[in-house]
Structure formats: structure tokens, C-alpha cells
Amino acid sequence: MSDTVLQTDHGNWAEVTLNRPDKLNSFNEAMHITLRKAIETAINDNKRAILLTGAGRGFCAGQDLSNRDPAKMDGPPDLGQTLDTYYNPLVRLIRDADIPVICAVNGVAAGAGANLAIACDIVIAADTAKFIQSFAHVGLVPDAGGTWSLTHLLGPARAKALAMTGMPLTATQAAEWGLIWQAVPAEDLMPTAHALAAKLADGPTKGFAYIKKAIHAAEVNTFDAQLDLEARYQKTCGASADYAEGVAAFLQKRKPRFKGA
């Protein structure tokens, strides 16, 4: 397996690190393939949470353009094929995963790197990090779900301004606007992210899966449809072993021992 992605086993959760620090962890095909494989492996190994981060001073600078230069090609690149083959399956995998996916943004997150980060369930960033929709600088449209995520998280006015200007958004501003969960001092980023991943991995992950499904559904459902969906999901969760354990622990005034079942 390529060393462009590192995997660290933390018992019931996995840490996945983008590892092309000399290129600000920009994507090439090897990193795409290895990253998706690492996430699939964590899911198939029944890990209960995934933490995604980057090596070095950046999180991810998006696509490595060195092999996407039309001047060095026989014709224009098929960027739609790149999205269909690599980026779209990756962000779908993250959104559809039945476990929490946390992103720790340690530095610049630009282009598809920014949109990979905000596709995760919970995003924590170093206060020195920046989010940049750099696509307009090269005449492109935000991808990897960027137009959807920006619009849903920030609204169309801010989404269009960020996409058209490519203005860097600081982590602090991103947190204030609701693009990410929180910005923390850079030295606290990984301890904070590790503690959150461990906490979620010890939690009622069956319930977390349904929380994730319900919130995604709320993006398109009517209020009445969402009420019906909540009733269905609550019935399922109420029949789970985790619910029984949670109630027992509450009544017995002890810490629950969830198993994700």
C-alpha cells in the first residue's frame, strides 16, 4: 500500500493521515486509492470512529496540478472523469459511513481539500488553519461536494462570495459562520481531536449512525416527513442494546458501556 496515507490503530477507532507533506498533501491517484482503502478498512474492521488529518504544515491543498496541466497534455484533461472516479466516491463514502468521521484540519485546506474536510461529520481546525475555495483561481467550479456543502452550511450569499473570490477563510471565522465545529489553538488540535474520537468511539455508535442519517435527511425533507422519519429511527434505536444500557447506567448512576448494538 502507498505511503501517501498513514494508518494508526487506536483500538476501537482509527486515525488516517494524508502523507504528502512536501506537496501540502495534495491529491495524486495513489493517495486517492490509498485513502479510500484506509477508510474502507476502518469501516470493515468495525472501528467505531475515524479521525482524518494531514501530515506537516497543511491538511490538503486539493488536486496536485502537476499532472493536470493542459500544456503538457495532448488535449484538455477530463476533470469530470477525475471527480467520478476519485473524489465523488470518497466524499460519498465519508457521508454514508455508519460511524462518525472527524476531521482535524492542521493547516491550509484548499480546493478539494477544503471540501473533503467539510464533508466529514465533525471538523476541528487549528486556529492557524485556513479554508480556501481556490477553484476560481484556475477557472473551475468547487467540487468534492463543495457547492452543496457551502450552500447548505453557509447559505448562497456566502457560498457564492467564497467560491468566486477564493478568499481565505480563517478557522476562527469558519467556526463563527458554522462551516466547522470549532477552532482551537494549534498546539491543542491533535489532543482535542484524539479525545473526541475516543469519546465517540466509546459512545452509542448505533444511535450516532441514525443521528447522521436523520440530519442528512433533514436537508431535503419537509417538517412532517422528518417527524415520521424520527419516529421510525427512534423505534429502531429504542429497541437497541445501547438504549437499554444507557437507561440502566443512568438509573444506576454509572458510566454506560456501549457496544454499538
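Visitor: In which loop is Leu24 found?
Guide: This is a predicted model, in which local features need pLDDT of at least 70, side-chain atom pairs count only at pLDDT 80 or more, and totals for chains, interfaces and linings use all residues. Residues are numbered from 1 along each chain as its sequence is written, and side-chain values use heavy atoms, with hydrogens and water left out. Leu24 has a positive phi of about 50°, although Leu24 is not a glycine. With helices (H or I, at least four residues) and strands (E, at least two) taken as DSSP runs numbered from the N terminus, the place of Leu24 is the loop between β2 (14–18) and α1.

Visitor: Is Lys253 buried or exposed?
Guide: Lys253 is not a glycine, and yet its phi is positive, at about 55°; the residue is found in the segment after α10 (241–252). Buried means under 20% relative accessible area, exposed over 50%, and partly exposed in between, with a 1.4 Å probe and protein chains only. Because the relative accessible area of Lys253 is 76%, this residue counts as exposed.

Visitor: How many helices and strands does the secondary structure of the protein come to?
Guide: Among the elements is strand β7, residues 122–126, where Val123 is found, and another is helix α8, residues 205–218, where Lys213 lies. For the whole protein, the secondary structure comes to 10 helices and 10 strands.

Visitor: What is the radius of gyration of the protein?
Guide: The radius of gyration is taken over C-alpha atoms, and the globule rule set beside it is 2.2 Å times the number of residues to the power 0.38. For 261 residues this rule gives 18 Å, and the value for the protein is close to that, so the protein is as compact as a globular protein of that length. Along the principal axes, the C-alpha atoms fill a box of roughly 65 × 40 × 35 Å. The radius of gyration itself is 19 Å.

Visitor: What percentage of the contacts in the protein with a separation of 6 or more comes from residues 24 or more positions apart?
Guide: A contact here means heavy atoms within 4.5 Å. Val123, for example, touches Cys103, Val105, Ala117, Ile118, Phe131, Ile180, Trp181 and Gln182, when residues up to four places away in sequence are not counted. Over the whole protein, among contacts with a separation of 6 or more, the share of residues 24 or more positions apart is 68%.

Visitor: Is Lys47 buried or exposed?
Guide: Lys47 has its place in the loop between α1 (29–44) and β3 (50–54). Leaving aside neighbours within four places in sequence, Lys47 is in contact with Asp9, Gly11, Asn12, Trp13, Ala14, Ala42 and Ile99. Because its relative accessibility is 12%, Lys47 counts as buried.

Visitor: How far apart in space are Val141 and Gly203, C-alpha to C-alpha?
Guide: Val141 sits in the loop between β8 (130–132) and α4 (146–154), and at a relative accessible area of 57% Val141 is exposed. Beyond its neighbours within four places in sequence, Val141 is in contact with Phe135 and Thr147. Val141 and Gly203 are 62 residues apart in sequence, and their distance in space, C-alpha to C-alpha, is 38 Å.

Visitor: Which residues does Lys213 touch, not counting those up to four places away in sequence?
Guide: At 33% relative accessibility, Lys213 counts as partly exposed. From Gly56, which is 157 residues away in sequence, Lys213 is separated by 33 Å, C-alpha to C-alpha. Once residues up to four places away in sequence are set aside, Lys213 touches Asp98 and Tyr233.

Visitor: What separates the C-alpha atoms of Pro191 and Ile180?
Guide: Pro191 is found in helix α7, residues 189–201, and with 52% relative accessibility Pro191 counts as exposed. Pro191 and Ile180 are 11 residues apart along the chain, and the separation of their C-alpha atoms is 18 Å.
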